[in-house]
Structure formats: C-alpha cells, structure tokens
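Me: I am new to this structure and would like to learn how to read it step by step. Could we begin with the way its two chains meet?

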There are 2 protein chains.
Amino acid sequence: MANKPSIPKGTRDFGPMEMAKRNYIFNTIKEVYAIYGFQQIETPALESLQTLMGKYGEEGDKLLFKILNSGDYFKGITDEDLLGRDTLKLQTRLAEKGLRYDLTVPFARYVVMHRNELQLPFKRYQIQPVWRADRPQKGRYREFYQCDADVVGSESLLNEVELMQIIDTVFVRFGIRIKIKINNRKILSGIAEVIGAQDKIVQITTAIDKLDKIGLEKVNAELIEDGIATNAVERLQPILRMSGTNEEKLETISHVLSESEMGLKGVKETRFILDTLRQIGLSNEIELDLTLARGLNYYTGAIFEVKALDVEIGSITGGGRYDNLTGIFGMPGLSGVGISFGADRIYDVLNVLKLFPKRNITNTQLLFVNFGWKETEYILPMVSKIRKAGVRTEVFPDETKMKKQMSYANAKQIPFVAIVGETEMKEGKLTLKDMMTGEQLSLTVDQLIQKVQV
Amino acid sequence: MANKPSIPKGTRDFGPMEMAKRNYIFNTIKEVYAIYGFQQIETPALESLQTLMGKYGEEGDKLLFKILNSGDYFKGITDEDLLGRDTLKLQTRLAEKGLRYDLTVPFARYVVMHRNELQLPFKRYQIQPVWRADRPQKGRYREFYQCDADVVGSESLLNEVELMQIIDTVFVRFGIRIKIKINNRKILSGIAEVIGAQDKIVQITTAIDKLDKIGLEKVNAELIEDGIATNAVERLQPILRMSGTNEEKLETISHVLSESEMGLKGVKETRFILDTLRQIGLSNEIELDLTLARGLNYYTGAIFEVKALDVEIGSITGGGRYDNLTGIFGMPGLSGVGISFGADRIYDVLNVLKLFPKRNITNTQLLFVNFGWKETEYILPMVSKIRKAGVRTEVFPDETKMKKQMSYANAKQIPFVAIVGETEMKEGKLTLKDMMTGEQLSLTVDQLIQKVQV
C-alpha cells in the first residue's frame, strides 16, 4: 500500500492559493445572484440513473459516471447475459445510481419533486461540481464546478433583461471587459422557415459565421453545396450583408422575416430586451449575433454568450430561454431562462490579466514568533484579544530557529510578524514587523490591532 | 421517461431555507478557522480506489461507492471469473475509482503529493461532502458534509490548545452551550499497561462509562467477567472511584500510573492543555473524561469530543492527535492533530434550540410589485440604483394579480414591498410597505434604501 499516490485523470486538488482565488470568483457571483433575488439550492451528487439517462443524448449517456451497486451487483443477471458482455445493456443492471452530469437536469428533477412547496416564479442558483467521463485535455476536466442561475415559471422577458444585468455586474466586479452576444432561436427558425430550409439552421449560422473569413461569394457557394436552393440563398442576402447597430440589424431581419410569425416574434423579443437594457444602461456592450447557435435542441427564445475582450478564450458565460424544463419528468413544461458562468475559464482570464485582488482576504494577517514557552505563555492572552478583534492570527507552534519561522511567514505571504522577547515583555509592548517594508514598530496590543487591520 | 422522479436513498435536496441555514453554519466555522490561520483546500470527489481501499477496515472497503469503469469494463476479466461471480474480488477490476469516504485519507494523499510545495506546519481546513454506502437511517446519510481542520507537521501541544479555542469560539458564536470532553490515548494505554491488560482498553473505558448507571460493584464484576485479573481490577479502584476537578483527577491518575512512562506522558500532555486553556480562559467547560475512547486505532495523544448541554444528541464535534498521517502512502509519518464539526447534528441543535439568526442574510429584502409595462419601465432605473446600494431586490416579472404577488412576497419572507402606481409616478415617490407591521410610507429612492437597509 505504499504506492506513490495520485488522483484520477481529469481531476484536481485545489491548494490554499487556488482556493482563495476560486472563492473570490464564487463569492462574487453569489453576491450578485443574491442582489437579484436568486436563492441557493443544492442537490445530491448521486442521482438515480433513471433521472440522468436519456437526457444528454447517446454520447451523454456514455459520459455519465455510474456507481457500481453495493453488495451482490451480479444478482439477477443470467450467466448468458454475463458471457454476452454487452456492457451498454448491462450497465443499468450493475449500476442504478450515477453522478450529476450538469445542474439543469437535477434542477428540473428538483422542481418536479418539490412543486408543491415552490412559489413561482422560482429563482434559484446552484454552484456545485459536475462529473463527465470525457477524455481529459487542456482546460477540460472530469470534475468541475458549474454556477447556474435560472428563473422558472415566468415567461416575462424582464427575466432575460435581469440576467444580462447580472452578467454585466459580475464582470464589472471582476474588472473583465466583455461583450455579451445575444441571439434568438425564433429568429433562426424564422430564417429557416422563410427560405424553406427548416432543417438547415446549423448550416446557415455556420455560413454567416464564416463571412468575415471567406467572404460573401464563398459563403453563398457553401450554402448551395449544403443543399439550400438558389432562390433561398438569394432571400438570405440582406441578412448576410447586413451591418450597423443592433437596431439596424433588427430592422433588416424583420423585413426579411415579414412573413414568418415566429421570426417576427423573435425580433420583437430581442428588441424588447435590447431596448430595455439600453434604458437601464449596461457597462459592457451587447451585440446581436445571428451566428450564436448554442443549445439549439434546447433553447426556444433568447440565446446568450459572453466573450472576454482582452484574452483569446472561448465563451466564458452562456445561457438562454427554454420552454420545457420539466416535461421530461412528466410535469407540464415550465418555461424558464438561465445562465451559467464558466468558473474555470473566468479563473484563467483573471489570472492572465492579473485581476485577482492583491489582498487575500482569507489569509493569515499576523504571525507571532515562538521564542519558547515563557514568551508564548505571556503572549497567549494578547493573541486571544487580537483574534477577538477579528485579526487572522497564528502563533508559530514550535520553538524553532527564527529563520525557519520567518520563511514560514514568507511562504504563506503573511504581511505582519509580531515579536515578543525579553525586552518586549519588560516594556509590556510588542514589536511588529511589516514584512513588505521591513519596518519595525514597538506597539501596544491595541495599536497593533489598528495597524494590522488597516 | 415520464416516471415520477426521486433521489437515491440517504441523499437530500437542500432548498433555499435549508441552504441559508447550512451556509450560516459553514460560514461561521470557516470564519473561525481563518481567524486561527487555517487555509481551505479542496480535493476531488473521485479518488483512485487504490488510495481509498484498505484505509477504513474491511467494513469500510464495502461501504465505498465505486465507479464502474467507462467503456468495456469487462475487458481483461475471463469468462471463468465472470461466472465465478466473486463480487468482492471483481469489484476492483470493474471499478478503479471511488467516491471520497472521509476527508482524512484524501488529506493524507494531498500532503504526500504536494509535500514539496507545503510549508510545515500545514494548517488546512476542508468542507466537502463525503459518501458512504451505509444503510440509511434517521440522521445517517449516504452523502453528507464533513468540516475538518488539521495541523500536520507540528508536535506542539499549542495546536491542541488552539483547536479547543476554535471549538469554544464556534459554539459561542452559535449560542450553543457545550461541554468539551478531553482524554488522552497515552493515559488509556498507561492504565492498560499498569494493570497488565494491554488489549482491554475498550472494556476498561466501557466499564468506567457504566459507573453512574450500575455502580462500582457491578462494574468490578463485569471487568472480571471480561477476563481482567482480580488484582488488576484492584489496582483500577482509585481511578474508578476518583472525582473532583480535572486537576484532582490528573493527580489520582498520575499516582496510579507512576510506573508507566507512557501513562505519565499522557498526564503531562493533558495537564499542559488544561492549564494553558485555564490561563487563556474558555467560555465553555472542558472536562477530563476517561471514558472517551473515539478513534482508538488512530489517535495517539489527546482525544476530544463535544456534547451539547441543552439537547439530547450524540457528539457534535470530535477529534484528536495522530502520529502517522502519511505513513500509509509511504511518507515518513507526519504527526498531526485535527477536529471535525458535525454539521448535520449542529443543524439539528440550532433548529431545536431556535438559535438560527432571525434575519436570513441572503434572502431578498425588497420586492417591487408589477402593475404593467408602463410602471415597470419607470421603476427599472430606480431598481438598478437600489441594487447598486447593495439591497437584494426583485421585480415581480409578470403582470399578475396583486394578491398573487403579495403571496409570493409572503412565501419568500421578503420583509419589504415597493408599490409604484400612477400616483407614485406623478409624485416621483415610492410607497414602501413593511410586511411585518403593515405600515406604508411614501419615500424617495434614497429614503427607501436607508429604510430597507436598517
């Protein structure tokens, strides 16, 4: 058993410094969620496989971590079945529980199970790890946190507006400059409808996305290659060529979609959201972007995504409106809208841009050097008083070389060290050393508390 | 797939009210840990089974949740082995990962893996869920949080002293009256040594524990029945009969153990801890209790446990000194000492004694009633201003009956409701209703902020 220990691929330990940074991210997001009236819930890591299977597509089913049943897990499986080695078929016999794959399905399950206690609209946030048996690679983990907020049971677009305000506020607090991109599933459906290519939404958004890179002519050629009729591509031209402000784009789109009720509804929704946000005033830019096509199987209205302006990195936040959260669990579909902050990417952005606060607000502020029992006995009541005043204080527990104690303070980045030797005991004072400047002051306990807390 | 959803036995959902209470518990503990210079770490929920197996005894191995391998989990298992159905033997072939069973083994694994980055003594705390495939019963869950703090790499008894101060401070903050019980494994070993019954520690502590209930005579009879020699039971008499203060008890014990080096060391350690704590001054009582025998396989020095004085419930916090945290992973044993708060039981105690703070510090403070778009458009900039001032504010998103909106406020226990209709718009004021008193005031935005934040 004396093997060198390791942790499973795609999982991570978080040490004190990383935790301080991660807590800064989570606490900032939590505070903003709370300011907007969202309340925290938690669901268990373990869910029935019945709850999880079939909710994330065939690929998702494979990526679920499944818990081997306790006791005789072969019970009820025939010899024939065992020798058949059909791992896909047998897995739900060997395992009846799995690990949470995202926070959305557990949330839907929660809403259905607790529907009689819930007051609608229900505004909840949830910050918990999820697990996916994905192939680990740079920036992709098998265990990672999601930070979701959703409102269910309200179709009001005010919810979309507030979620955009939340995104804006969170990134202002982080000091990260962003652009919010917004789209609407109904506009995309309208376009597909109008040009008579209902099943080609993905091809259309991909084509628009390539405009800057390959130019209009090649995009048109690709669309035709994708099987879209020439006259349909023709009708798309105003949208492919459009530019200007969000309002100008919406104007163009509404002309093209004048015969699609669905499409016009999407335009109206988007206009409402953008107009209202303009009145309220956001610190960051919000841009209508028809290429945004996340969660097309899922979202039915607004779709959003956040890009960091000063770092090359994928989307750092996303979300959208869905119509049928709880239908999968047999409860008439509740409409909702939600966002999810990508904590790991935000961590990387804050690191690259050196935006983490200098002061670690959970780190020790003051270390008392240990010169031996006589001195320690003398300082302990002072230490109690200093801690009662809220100063995060340590006494070095062992009587060792001064050098070792000082290097402990340095390694932990403790800003102040208190020294109490014979002289200090005689004078009834403490020597406080500022580890940044090297300055030493002779102080009373009260003076020290004041100095350290500044 | 339209089955009524459920969650696995022994797991729980935590709704907004429960989360607010749980966060109160965790945040209080975190704050106190930080005041004493402990830093947070997190380890993954998934660990290699190699890390976990064999660390918790045979029973523990069974209670580990094991993750079915991805892909062809039968690979490498012969037909013969499959038909042998030896579930115990095959489980480590079918599963190579498991769920964290406690926070101690992952911490030991962490220390060994990160030993080159760590500055000793390392003071860490960790608050994360653990999983056990135990039979669920009242108060026992398959997924529950542990809240551990440990110092490793220091043998100084100052660490024990500070952990007792932490316990004292945490329960003072909770308002829970407690008694801390302290014992020392070396004293127990000394007793067993002196009476020549080294393997009878458990029987001796159990016997002492029964003194109050069945009396000295019956206890002596039981000890002899347990196979302890008559003259050994004779030698135990001063300890069985001892009473008085901690100091008086230690005096008695040191007489009985005068020939046991180990036993006297235990007395000396305990005396140091108790004397130092008396000098510093604790708010709660600490009592030497020889019947305390938790973690006998594990603890090597001080052992502690906390009892709530005003509620019948098991130990709500415990811990002790161990000598060999990392030996299991091939690193020369590091000594350490740790405590663990029982969050679920503390939750129950706070509930029973009605000690949870009245004010829910994460709940919405103010709800704006929705009378329609004209009014909503008018209030949105005010709402932004109020939120910027830090007031947790909601706007009811849908234009529905006043009654429904008010019952939403009641259900969420929102203390203030803001009403802005035509009159208020004309006057440029808001009507603020105090939901507790029913009082209504006509206020400016700034006045409202002041009023709500009080």
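Reply: Buried area is the accessible area, taken with a 1.4 Å probe, that two parts lose on being put together, summed over both. Please keep in mind that this is a predicted model. Here chain B and chain A bury about 9,300 Å² between them, and 59% of that area lies on carbon and sulfur atoms.

Me: How many residues does the contact take from chain B and from chain A?

Reply: A residue is counted through heavy atoms within 4.5 Å, and in this model the contact takes 110 residues from chain B and 110 residues from chain A.

Me: What is the count of salt bridges between chain B and chain A?

Reply: The general idea is a side-chain nitrogen of Lys or Arg within 4 Å of a carboxyl oxygen of Asp or Glu. Between chain B and chain A the count is eight salt bridges; at 2.9 Å from N to O, the side chains of B:Arg85 and A:Asp79 meet in a salt bridge. As for polar contacts, the rule finds 44 residue pairs across the interface of chain B and chain A, both residues being at pLDDT 80 or more.

Me: Which helix gives the most to the side of chain B that touches chain A?

Reply: That is helix H14 of chain B, residues 373-388, which gives six residues to this side. Sorted by class, the side of chain B that touches chain A has 49 nonpolar, 36 polar and 25 charged residues.

Me: In what sense do strand E3 of chain A and strand E3 of chain B pair?

Reply: The two strands, each made of residues 66-68 in its own chain, pair in the antiparallel sense over three bridges. Within this pairing, A:Lys66 stands opposite B:Leu68 in E3(B).

Me: What order do the strands take in the open sheet of chain B?

Reply: The open sheet has eight strands in the order E1-E5-E6-E11-E10-E9-E7-E8, with mixed pairing. Strand E1 (39-40) and strand E8 (285-288) of chain B stand at the edges, and because each has a single partner strand, one side of each is left without a neighbour in the sheet. Strand E1 of chain B runs parallel to strand E5 (residues 122-131) of chain B, joined by two bridges, and B:Gln39 stands opposite B:Arg124 in E5(B).

Me: Is chain A spread out or compact?

Reply: Chain A has 17 helices and 16 strands. Its radius of gyration is 29 Å, well over the 22 Å that the globule rule gives for 454 residues, so chain A is more spread out than a compact globule. Along its principal axes, the C-alpha trace of chain A spans about 95 × 70 × 45 Å.

Key. Residues numbered from 1 in each chain as written. Chains lettered and ligands numbered in written order. Heavy atoms only, no water. Polar contact = N/O pair within 3.5 Å; in protein donor to acceptor, adjacent residues only side chain to side chain. Helix = DSSP H or I, 4+ residues; strand = E, 2+ residues; numbered from the N terminus. Nonpolar A, V, L, I, M, F, W, Y, C, P; charged D, E, K, R; others polar. Pairing = 2+ DSSP bridges. Rg over C-alpha atoms; globule rule 2.2 N^0.38 Å.
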